Amino acid sequence: MTLTSGADMEIVEYLYSAEKEQREVVKITDRLPELSFEDAYLIQEKLIERREIDGARRVGLKLGLTSRAKQQMMGVHEAIYGFLTDDMLGFEWEPIDFDQLIHPKAEPEIAFMIGEDLQGTSVTAEDVLKVTKYVAPAIEIIDSRYLDFKFTLADVIADNCSSSRFILGSKWMKPDSVELGQLGMVMSKNGIVAQTGSSAAVLGNPAVSVAWAVNKLGDAGRGIKKGDIILSGAISEAISFLPGESITVQFAELGSVTMVCKSGK
Ligand code: 0L1
Ligand code: MG
């Protein structure tokens, strides 16, 4: 352990207040260069518990670093996971308020709606598909609390994997009605193509990514639950946006999802 007792809660308040006050902060490994992934997940858990004290409710999970390209960029061989809470849920018809965010970026994702509890340490993509009621197009808004979005793996795990908001498309489909492992995707900003990709970028198939997370949770004696929403990982690089801009993610077969950004100022 690299964390002294009390230091974890100090970091939780540091990250939580940065989010609430829309402030970038210096990454925590500048002070704690030896911070282990285990301790970083411990801080993440306490950060979510802190949000729960303020009334937030866990509604699911999100995966990060699920593409080989992003893993290579970070010099890691594994994905990471964080938690989604109800206050992160945005809607297509309700503009996202830029003033509540720091330096947001949007990512194209496929969301899984889970219909049955699932727990284990050797869970497969097939097991995940069996308990998946629907899949849907999604946009995840990531908003690292760290200066210039620069961090180590331990930093980003502690910061709940940069989670900020997510928006789900209105077309939810049965997972066996689409080729989940090879869905083409186009992400446009203000009607102009910004990124293209395939769902294969997410560990070959987004269901593999979800199975990875279930096994990771299983190692800690936890699982996913009926009703959970799981964001399976970004299909392309994230793109930044400003007030007045809109982003649409269009999938082959799976439909589209749009977000609009406004400023209250
Ligand atoms: O959801 C994600 O893919 C983000 C994971 C954390 C890394 C980042 O903020 O870019
Ligand atoms: Mg993401």
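These points cover the two ligand sites of a predicted model.

1. Local features in this predicted model need pLDDT of at least 70 and side-chain atom pairs pLDDT 80 or more, while totals for chains, interfaces and linings use all residues. Residues are numbered from 1 along each chain as its sequence is written, chains are lettered from A and ligands numbered from 1 in the order in which they are written, and side-chain values use heavy atoms, with hydrogens and water left out.

2. Ligand 1 has 13 residues around it, of which Lys62, Lys70, Glu107, Glu140 and Ser162 come nearest (a heavy atom within 4 Å counts as near). By class, this shell holds seven nonpolar, two polar and four charged residues (Ala, Val, Leu, Ile, Met, Phe, Trp, Tyr, Cys and Pro are nonpolar; Asp, Glu, Lys and Arg are charged; the others, Gly among them, are polar).

3. Oxygen atoms of ligand 1 lie 2.8 Å from a side-chain N or O atom of Lys62, 2.9 Å from a polar side-chain atom of Lys70 and 3.0 Å from a side-chain N or O atom of Glu107. The protein covers 96% of the 300 Å² of accessible area that ligand 1 has on its own (Shrake-Rupley method, 1.4 Å probe).

4. The magnesium ion (ligand 2) has Glu107 (OE), Glu109 (OE) and Glu140 (OE) as protein donors, lying 2.0 Å from it (donors are N, O and S atoms within 2.8 Å of the metal, or 3.2 Å for Na, K and Ca; water is not among the atoms, so sites may look incomplete). Glu109 is in strand β5 (residues 105–114) and Glu140 in strand β6, so the pair ties together parts 31 residues apart in sequence (strands are DSSP runs of E, at least two residues, numbered from the N terminus).

How values were computed. Polar contact = N/O pair within 3.5 Å; in protein donor to acceptor, adjacent residues only side chain to side chain. Helix = DSSP H or I, 4+ residues; strand = E, 2+ residues; numbered from the N terminus.
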